[in-house]
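I opened this model with a notebook beside me and jotted down what I looked up.

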Amino acid sequence: TVYRLGYYGGARARPVMSLSRRSVASSPPLEVDAVTGETVVGVEPSFQFSVGADWLSGVYLLRIVSNEGVDCHATFTVRDERIADLVFSQPVLTYAAYTSTPEPFGKSFYDGDSGGPETARGTQRATEVSLDRPYRDSGSGDLFRWDHDLITWLEREGYDVTYVTNIDIHQRPDTLLRSRISVVSGHDEYWTQEMMDAYLAARDAGVHIAYFGANGAYWRVRLANGRNGRPNRKVVCWKYADGENHPVPTVLFKDTATPMQSLWGVDFMDFNDFIAGPYAPIVPTSEAHWFWAGTEIENDQPLVSAPIMGYEVDRRNFSIDLPPNSEYTLLASSPFEGQEFGRNWAHTTLYRHTGRAWVFAAGTTSWAWGLMRNEFKHPALHRATQNLLKRMLADSDRPAPPAAMPTGSISSRPVDLSLG
């Protein structure tokens, strides 16, 4: 069954297509490139279906259940070309970076998640990963960790959203110019230089940026052709491994001419355990700022029922220049106990670029949890997020979208799926 994620009278997805049961071929042997560690799952497409002309732009999920009860997923994004208030980017490059399927021999960009022998480049992890294999967590990647809550909240609140992946932004930087607000969700860590340049150009052109995450644009990667020559199906990230000789080295953005703080206004600070935490409460500041209007928050008083700071957090780095701005506001400064640097403070910030765009940085990967999850949500975060988007839309001089969302604007096109 294919589902579109969103908000439907309390349900957080709706079925759009059911597919008949069918037989699939067994997977051929797994191939792991001895030099790069790229894990190749050599499965040919098992079946094909077409995206309906009436399917709205959105993030979709195909759920597949085998006769043995194995439940697996494939996620994809349906695009359109219309102007919309918001554009949401699904961070599929980060999904791929953390994926080590099929286990136990598959490799990700992380030593601890990578099986098999070391590569010829001297790393346990891979320096190249394929997008032509299932993501981790039964194929959904980090969709249900960091993205689904925000998608649900945006659609429940009635915002006009169009959807893309970050590969779309890499290929067509002007994608961001079709919106008034560019929305970046919880954990969008791996970017190409083309993506960074696209966001900087959009901001300079007056597109507001709502960054509801942390650790975004941390590692710079390149895209390359996949095993069948398909463009942009391989992610390359050496992470300072010996031997990389390329004019665009795959290093931390902090070590390039465009550090992440040049866009967000904050830098990566620290992390804690994803499962165990501890997650810290957000501690608001600047109570008189319009961002907090109607929330009844008080300066330096933690929202104890909203432990949303973690698992990764950002803060302003005083050794790196801020973006050109006419206003820079610290909205929250939240004590945080990190695994690498110990006690520090995570920062939630907002700045007004000299090109008039607002740029909001949540400073945590879990902001959307504070909007949707019962054990994290708080009415002040709901109201503040509404305030933010309302102000961004009001302050936009970019073209407004059509009054009615068009239907039938998506051309029918096939989707190939590989199962094994």
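**Cis peptides**

I began with Pro104, which is in the loop between H1 and E9. Helices (H or I, at least four residues) and strands (E, at least two) are DSSP runs, numbered from the N terminus. A note on ground rules: this is a predicted model, where local features need pLDDT of at least 70, side-chain atom pairs count only at pLDDT 80 or more, and totals for chains, interfaces and linings use all residues. Residues are numbered from 1 along each chain as its sequence is written, and side-chain values use heavy atoms, with hydrogens and water left out.

I checked omega between Glu103 and Pro104 and found a cis peptide bond, at about 10 degrees. A cis bond also joins Gly310 and Tyr311, with omega about 0 degrees. I placed Tyr311 in the loop between strand E16 (267–271) and strand E17 (312–315).

**A surface patch**

I then turned to Phe105, found in the loop between helix H1 (92–97) and E9. Is Phe105 buried or exposed? Phe105 is exposed, with a relative accessible area of 51%; the cut-offs are under 20% for buried, over 50% for exposed and partly exposed in between (1.4 Å probe, protein chains only). Together with Leu30 and Val32, Phe105 forms a nonpolar patch on the surface, with about 250 Å² of accessible area in total. Patch members have over 30% relative accessible area and no salt bridge, and nonpolar side chains (Val, Leu, Ile, Met, Phe, Trp, Tyr) are joined within 5 Å, like charges within 9 Å. The areas come from the Shrake-Rupley method with a 1.4 Å probe, and for residues only the protein chains shown count as cover.

**The four-stranded sheet**

I traced an open sheet of four strands in the order E9-E15-E14-E12, with mixed pairing. Strands E9 (128–130) and E12 (190–192) are its edges, each pairing on one side only. From one strand to the next, the twist averages 40 degrees. Pairing here asks for at least two bridges found by DSSP between two strands. E12 and strand E14 (residues 219–224) run parallel and are joined by three bridges. I found Thr192 standing opposite Val221 in E14. Helix H4 (residues 193–204) packs on this sheet and touches E12 and E14, its direction making about 80 degrees with that of E12. Contact is counted for heavy atoms within 4.5 Å, and axes are lines fitted to C-alpha atoms, for helices over the stretch in contact, with angles from 0 to 180 degrees between N-to-C directions.

**Positive phi**

Ala217 lies in the loop between strand E13 (208–211) and E14, and is buried at 0% relative accessible area. Lys239 also has a positive phi, near 55 degrees, in the loop between E15 and helix H5 (261–264). Lys239 counts as buried at 11%.

**Two hairpins around E19**

I followed strand E18 (residues 325–338) into E19: the two pair in the antiparallel sense over 12 bridges. A hairpin of three residues joins them, and Gly338 stands opposite Gly342 in E19. Why call E19 largely enclosed by the rest of the structure? Because 10 of the 12 residues of strand E19 (residues 342–353) are buried.

**Salt bridges**

My rule was a side-chain nitrogen of Lys or Arg within 4 Å of a carboxyl oxygen of Asp or Glu, and the count comes to 23 salt bridges. Asp80 and Arg82 meet in one of them, at 3.0 Å from N to O. Arg82 also bridges to Asp160, with the closest N and O atoms 2.9 Å apart. That pair links distant parts of the chain, 78 residues apart. Arg82 is buried at 10%, and Asp160 is buried at 14%.

Last, I checked Glu128 and Lys234, whose closest N and O atoms are 3.3 Å apart in a salt bridge. Glu128 lies in strand E9 and Lys234 in strand E15, so the pair ties together parts 106 residues apart in sequence. Both Glu128 and Lys234 are buried. Through shared partners, salt bridges join Glu38, Arg121, Glu128 and Lys234 into one network.
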